[in-house]
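The sequence and structure come first.

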Amino acid sequence: MNRKQIIKDPQNGNKAEAFEAFDNIPANPDPSRTLGDVIAARYGRRALLKGMLGTSAAAALFGASALAAARQASAATPTAPSRYAFDELASGIDETHHVARGYDADVLLRWGDPVFADAPDFDVMNQSAEAQLQQFGYNNDYVGFLPLNAEGSRGLLCVNHEYTNEEVMFPNLGRQDKAEFAGMTQELVEIEMAAHGGTVVEVVRAPDGKWAVVRGGALNRRISPLTTAMVLDGPAAGHPRMQTSADPGGFEVIGTLNNCAGGMTPWGTWLMAEENFHGYFWTDRLDFDGEPDLAGQPEAAQMARYGVPGMWYAWGKHHSRFNIDENPNEANRFGWVVEVDPMDPRSKPVKHTALGRFAHEGAETTLSKDGRLVIYMGDDARFEYLYKYVSRGAVSEDRAANAQLLSDGTLYAARFEADGTVHWLPLVHGQGPLTAENGFASQADVLIDARLAADALGATPMDRPEDATPRGDGTAYVMLTNNSRRKAGQTDAANPRPESRFGHIIEIKEDGGDHAAARGQWSILVKCGDPAIAEVGAEWHPDTSQHGWFGSPDNSAMDADGRLWVATDQGSNWGRTGKSDGLYGVETGGALRGHSKLFFRCPVGAELCGPYFTPDGETLFLAVQHPGTDGTKDLQGFGRASTFEDPATRWPDFDPQMPPRPSVVVVTRQGGGKIAS
Ligand code: FEO
Ligand code: CA
């Protein structure tokens, strides 16, 4: 199927599903049936979902021994003390969220909530870009917390708004990608643009331990791709490939988009990662299959490598800078990491080209042994690479001097060897194959075309690298969410499963415990999926219960005690597990290494983002993104795609006049105290 056929396929319930399906078209037309095909056929999404795989059906499909193993697993009590002291939550799927017993999970901030004192109250039936620019944006993903006092009872939440779902966001519209975006007027496009970007908002904790938003807080800010001017910085800034008619110098760009995960720097700035930027670019030149026709585009090769133009949104119909026919270089100005100073609402955010251009999932920071800044970054697409950045200088007490650390340093891509070594390959112009003869005339070319540079270096194509979370001891955990396109002949030691539906987590231990090391050792922490089904090939600590295993690790966090927490995004695949997305505590050492335990789960159709712990470990911020959208055709008793008028859930308001709203949730322990301790 081509793009148009996939978009129009009634099996694809919403835009996210359609584009995931589009991504799933095999690059390699190998007709041989893999084990993955067999599992897909036997353990099909529809069959599973309609009956949630009743016991007899499961026994027929997988055999009684698998079920016995599953029952045993569910009854097991861990044989060693868990580092995560809470009673495991039961997995499942329904219209609302759930947290482990003894905790509160309160909705703190919803799409449309006013951010400024004079912002209009949310009126879902009468939205405008002007109002949206003063209200909390859509699809909250990354959440960071910057304390404003010593007790940590006041702080700034820094939240990314990744994308928009028009079919549940606007009344009387429906899905637009199927309809050639016919209903997407300039007004609606600009509301979408205003709902993207980020929000800085002050939050306070009352003496009773409950958090509240400070509407009109002095540092509150909205950032959007519609209005926020940003500086381009680093080796690619000012390069001719970064120049446009609106910005002949190549040093300033309006806005940021598809900000997925991110990070906070040690000096309190916020990093917003630009992920699927390609989806926002448009062309009017289509071939007879309806595919973008890049003939005549001077940058056609790199555009194809990056998937530009993706045409997921109609912005280019109304804003010509997103139309590559008119402004081909604008696409070179997205796909970066953006640094924001939350302490100065008038500061211009900075796009740091030294960190490379790709589909940045996140940008989590740590320090090398000699105090340099190290940032781990995934490029979230099938067969893309894991990167890290090491600054030239060390982090200092001088906040202004630290601003240079993201401008001057070395970007590396990872090569995972079969012997358990990981080599970090520098993306430095003039070194190895990164020369003019190979198409890299300068460091700017190396960074703008970072994927091509990493190809040339022989980095290892991974199963969609999402968050990579470092711990201070020179260890990092890499979430590899899934890769249904990898064929049996394309597996390697670090990506060992063909048609990996459920993903895995890799642990890296850098040489000498130093995050700046050029080499480390890697191992697989867990292979995800249901351990009771042999064909899935999952590997967990055997004491992991039926509630504790998961699929599609995505965002992750390290708490102050060095414990790893993993949030999932199964997309429309939750039907393969029968579980909504959630947050899990995953043991990384000791007798329970590889054991996982469910702490929180989402309402149907949502993915879980954030997670972020306050430094005292007493508060956990979570972002529930796109509730009611993914995979709702498979929800028993609902069985159709959600729309504004007819959603699978109206979480979190459950108001018949209100569609589901992406929201930030705050988790605290009843009676106070550290979470999971
Ligand atoms: Fe925006 Fe990789 O998730
Ligand atoms: Ca993500």
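Asn495 is found in the loop between β22 (475-480) and β23; helices (H or I, at least four residues) and strands (E, at least two) are DSSP runs, numbered from the N terminus. The model is predicted, so local features need pLDDT of at least 70 and side-chain atom pairs count only at pLDDT 80 or more, while totals for chains, interfaces and linings use all residues. Residues are numbered from 1 along each chain as its sequence is written, chains are lettered from A and ligands numbered from 1 in the order in which they are written, and side-chain values use heavy atoms, with hydrogens and water left out.

Asn495 counts as buried because its relative accessibility is 0%; buried means under 20% relative accessible area, exposed over 50%, and partly exposed in between (1.4 Å probe, protein chains only). Its side chain reaches the backbone nitrogen of Asp463 at 2.9 Å. Such a polar contact is a pair of N or O atoms within 3.5 Å; within protein, one must be able to donate a hydrogen and the other to accept it, and residues adjacent in sequence count only if both atoms are side-chain atoms. Beyond neighbours within four places in sequence, Asn495 is in contact (heavy atoms within 4.5 Å) with Thr460, Pro461, Met462, Asp463, Arg486 and His504.

His515 lies in the loop between β23 (504-510) and β24 (519-527) and is likewise buried, at 0% relative accessibility. A polar atom of the His515 side chain lies 2.6 Å from the backbone oxygen of Arg471. Not counting residues up to four places away in sequence, His515 touches residues including Thr366, Leu367, Tyr376, Lys388, Arg471 and Glu510. Between His515 and Gly371 the C-alpha to C-alpha distance is 9.9 Å, although 144 residues separate them in sequence.

**Strand pairing**

Gly371 belongs to the hairpin of β14 and β15, which has 4 residues between the strands, and takes a positive phi near 85° there. The two strands run antiparallel and are joined by 4 bridges, one of which pairs Thr365 with Ile375 in β15. Two strands pair if DSSP finds at least two bridges between them.

An open sheet of 5 strands has the order β1-β28-β27-β26-β25, with antiparallel pairing. Its edges are β1 (98-99) and β25 (553-558); each has a single partner strand, so one side of each is left without a neighbour in the sheet. Within this sheet, β27 (residues 582-586) and β28 (residues 596-601) are joined by 5 bridges, and Gly585 has Lys597 as its bridge partner in β28.

**Helix α9**

Helix α9 (residues 186-195) has 8 of its 10 residues buried, so it is largely enclosed by the rest of the structure. Among the buried residues are Leu188, Val189, Ile191 and Met193. The elements that cover them include β4 (154-161), β5 (197-205) and α11 (315-318). Just after α9, Gly197 takes a positive phi of about 105°.

Cys260, in strand β10 (residues 259-264), and Glu361, in the loop between β13 (350-352) and β14 (364-367), are 101 residues apart and link distant parts of the chain.

The whole structure holds 0 disulfides, a disulfide being a pair of cysteine sulfur atoms within 2.5 Å. The sulfur of Cys602 is 8.1 Å from the closest cysteine sulfur, in Cys609, which is too far for a bond.

**Backbone exceptions**

Most residues other than glycine have a negative phi, and most peptide bonds are trans.

| Residue | Phi | Relative accessibility |
|---|---|---|
| Met311 | near 60° | 9% |
| Phe383 | near 65° | 18% |

Met311 is found in the loop between α10 and α11, and Phe383 in strand β16 (residues 382-384). The peptide bond from Val308 to Pro309 is cis, with omega near 0°. Another cis bond joins Trp651 and Pro652, with omega about 0°.

**Confidence**

The chain averages a pLDDT of 91, and 89% of the residues score at least 70; pLDDT is the predictor's confidence in each residue, from 0 to 100. Over residues 24-75 the pLDDT is below 50, and this stretch has 76 contacts in the model beyond near neighbours in sequence.
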